[in-house]
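Trainee: Could you walk me through reading aromatic contacts in a model like this one?

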Amino acid sequence: MMEEPEKVRIGMTRSREFGGAIGSFFMVLGLPAGVLGLNILCSQNKCGVQMPKISTNWQTYLDKEAALIYVGWFLFQAFLYMLPIGKVVNGQPLKSGHRLQYRCNGFFALIVSLMAFTGAVYMKYPIQVVHTKFIQLITSGIIFSFVLSLLLYIKARRGPNASLAPGGNTGNFLYDFFIGHELNPRIGSFDLKFFCELRPGLIGWLMINLVFLTEAYQKNNGVLPPGLTMVVVFQALYVADALWFEDAILTTMDIIHDGFGFMLVFGDLVWVPFLYCLQTKFLAENDVHLFWYCLAAIGVLNFIGYFMFRGSNSQKNEFRKNPYNPTLSHLETIPTTTGNRLLVSGWWGLCRKPNYLGDIIMSIAWSLPCGFSTPIVWFYPIYFTILLIHRQRRDEEVCAKKYKASWDRYCERVPYRIFPKIY
């Protein structure tokens, strides 16, 4: 018999990640400083690791128009999310056995956003304000993230115990504020975590890229810079893919395990849109010339990464939906005591996280057009590799506890974590 949600209690969290409360304190301060610092280091005048001149004028960081643009964009995406368009899917079972429902219309929101951007360019709206007030937009996002995270923590404190995140219920304000106190905070049917994961930040990242590309097109008298155009197309494909397969995120650690606190709020709303565009920002502000065969090789590399990323994710998602699908009958699996089966062939026999390997290959392809004149443009692939290794280890700890002996057999069968023959 299924337990009622209110009868399920979330116990106190015993283990802590990211250095506990002290680590959370430094992350809460360091992450915003990192986003601002990297964008200040890589500006129109120069892009390098030398100490820049830090402005003491508050207007360099705070601006009313920038704040209105940021909040307006968030509300615009929230409006699109609430429209009764797109399929409604069930999430993974909660501890109570209950499944939350999610409306997946992210690709629709992307198309509408692209149409709105096209309309703004056609109507000669000064979209360059996004570039000229980039630092102020970042600051607006940081303030917005702090406020939203605080409201989420207050909501969790006033809500039922059953809604709390198993990993964010330590009783320490700073740690729970950072890691996320509530698992799936909702206002009615509006799921805040699901909305923020793929909407304002991810689509916003693409819009920022398009601003840079449009500016370069206008500056070059109607000629698109090849390197910049290539990276914008690569990243547009990545964003479109995430939103087309939006329901796949419901099986990720972010949705299933992590609470929605400052870590994910800031990551979704500031880190993604304002750091993932470092390559396009650099290419828009600096002339980088590459031979056609270099661009062709980079294009092939990105295709390989995307082919691996999409192929492995599709294989995994189809297997999770229906393990008995005839098209998957050739795949070998290991049974577990939970009733689930672990894939050990196909893409998932190559390594334990072939989708991560594809992600890393694509990230390298995005930085190669920038060249090697500054390490800042290589921040994304370096950071992303570290992130995915850390995430793989977190996931492995959960799986080892969940599947026990079956997981040991799986590790013997698939010994490499992300990089075959290496790691």
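This is a predicted model: local features need pLDDT of at least 70, side-chain atom pairs count only at pLDDT 80 or more; totals for chains, interfaces and linings use all residues.

Trainee: How many aromatic pairs does a search of the whole structure find?

Mentor: Rings of Phe, Tyr and Trp (its six-membered ring) pair if their centres lie within 6.5 Å; planes under 30 degrees apart are stacked, over 60 edge-to-face, the rest tilted. Here the search gives 40.

Trainee: Why is the pair of Trp205 and Tyr238 edge-to-face?

Mentor: Their planes sit at 65°, with centres 6.2 Å apart, so the pair gets that label. Trp205 is in helix α8 (residues 200-219) and Tyr238 in helix α9 (residues 226-244), 33 residues apart. Helices here are DSSP runs (H or I, at least four residues), numbered from the N terminus.

Trainee: Is Trp205 buried or exposed?

Mentor: Buried means under 20% relative accessible area (1.4 Å probe, protein chains only). Trp205 is buried at 0%, and Tyr238 is buried at 13%.

Trainee: What about Trp366 and Tyr380?

Mentor: Those planes are at 20° and the centres 5.4 Å apart, so that pair is stacked. Both residues are buried.

Trainee: Which charged end sits over the ring of Tyr175?

Mentor: The test is NZ of Lys or CZ of Arg within 6 Å of the ring centre and within 35 degrees of the ring normal. Arg16 does it, 5.8 Å from the centre.

Definitions and conventions
Residues are numbered from 1 along each chain as its sequence is written. Side-chain values use heavy atoms; hydrogens and water are left out. Helices (H or I, at least four residues) and strands (E, at least two) are DSSP runs, numbered from the N terminus. Buried means under 20% relative accessible area, exposed over 50%, partly exposed in between (1.4 Å probe, protein chains only).
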